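Reader: I would like to learn how to read the features of a protein model. Please take me through them in order.

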Amino acid sequence: MHETPPSLLALTTYLLSRVGKTARTRITERLAAHDVRLWHMAVLAALADFGPHAQRDLAARLSIDPSDVVKILDELTAAGHVERARDPADRRRVTVTITPAGRTALADLTSEASAVQEGVLAPLDEDERARLHDLLLRLFAHLHEETVRER
């Protein structure tokens with residue numbers, strides 16, 4: 001039997017960690033079936049939501065090491081999901097844009113992520129889901145502000 005110690009169950013941060021790990025594993029497995037990782041989806045989402053980005057700005061926005069962004073963009077470019085072009089005003093700057101195929105892929109990946117979310121949140125009713133989402137957004141904003149101040 002794998003009973004979790006009550007002293008751990010009393011820690012909200014422990015519960016967040018375990019639920020988060022399980023949710024991440026499920027979404028990672030679901031995306032892997034499409035030969036995609038979560039970072040691929042994050043890059044596509046950022047480009048779809050915020051428009052074209054300089055490669056280094058995309059790395060900063062998503063808190064991804066610039067060398068890792070290069071690898072991710074190489075894979076997304078090979079799949080036809082993004083295009084990279086040199087900025088005519090500054091040849092050192094590479095601008096990344098999502099393609100129509102990338103938007104289609106993002107829609108498919110979002111559907112996969114939503115299916116995982118539905119399974120993870122199954123025990124909660126709509127009001128509880130909305131409340132949880134609002135609370136997590138507050139925590140996310142708080143932690144993001146702390147991270148920005150520390151830099």
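Author: We go from the whole chain to its sheet, and then to single residues. Keep in mind that this is a predicted model.

Reader: How many helices and strands does the protein chain have?

Author: The protein chain has seven helices and three strands. Read from the N terminus, the order of elements is α-α-α-β-α-α-β-β-α-α. The C-alpha atoms occupy a box of roughly 60 × 35 × 30 Å along the principal axes.

Reader: What percentage of the residues count as buried?

Author: Buried means under 20% relative accessible area. Of the 151 residues in the protein chain, 25% count as buried.

Reader: Now the sheet. In what order do the three strands stand?

Author: The general idea comes before the case. Strands of a sheet pair through backbone hydrogen bonds, and the pairing is either parallel or antiparallel. Here the three strands make an open sheet in the order β1-β3-β2, with antiparallel pairing. Strands β1 and β2 are at the edges with a single partner strand each, so one side of each has no neighbour in the sheet.

Reader: How many bridges join β1 to β3?

Author: Two bridges join β1, residues 53-54, to β3, residues 90-98.

Reader: What should I look for in the backbone angle phi?

Author: Most residues other than glycine have a negative phi. In this model, D35 has a positive phi, near 60°. S63 also has a positive phi, near 55°.

Reader: Where are D35 and S63 placed?

Author: D35 lies in the loop between α2 (12-32) and α3 (38-50). S63 lies in the loop between α4 (55-62) and α5 (66-78).

Reader: Is D35 buried or exposed?

Author: A residue counts as exposed if its relative accessible area is over 50%. D35 has 73%, so D35 is exposed.

Reader: Which residues gather in a patch of negative charge on the surface?

Author: The patch of negative charge is formed by D125, E126, D127 and E128. Take D127 as the example: D127 is in helix α7, residues 126-150. Its relative accessibility is 65%, and therefore D127 counts as exposed.

Reader: Why does L9 count as partly exposed?

Author: Partly exposed is the class between buried and exposed. L9 counts as partly exposed because its relative accessibility is 44%. L9 is found in helix α1, residues 6-9.

Notes: Residues are numbered from 1 along each chain as its sequence is written. This is a predicted model: local features need pLDDT of at least 70, side-chain atom pairs count only at pLDDT 80 or more; totals for chains, interfaces and linings use all residues. Side-chain values use heavy atoms; hydrogens and water are left out. Two strands pair if DSSP finds at least two bridges between them. Helices (H or I, at least four residues) and strands (E, at least two) are DSSP runs, numbered from the N terminus. Patches are made of residues with over 30% relative accessible area and no salt bridge: like charges are joined within 9 Å, nonpolar side chains (Val, Leu, Ile, Met, Phe, Trp, Tyr) within 5 Å. Accessible areas come from the Shrake-Rupley method with a 1.4 Å probe; for residues, only the protein chains shown count as cover. A salt bridge is a side-chain nitrogen of Lys or Arg within 4 Å of a carboxyl oxygen of Asp or Glu. Lys and Arg count as positive and Asp and Glu as negative; His and the chain ends are not counted. The place of a charge is taken as NZ of Lys, CZ of Arg, CG of Asp or CD of Glu. Buried means under 20% relative accessible area, exposed over 50%, partly exposed in between (1.4 Å probe, protein chains only).
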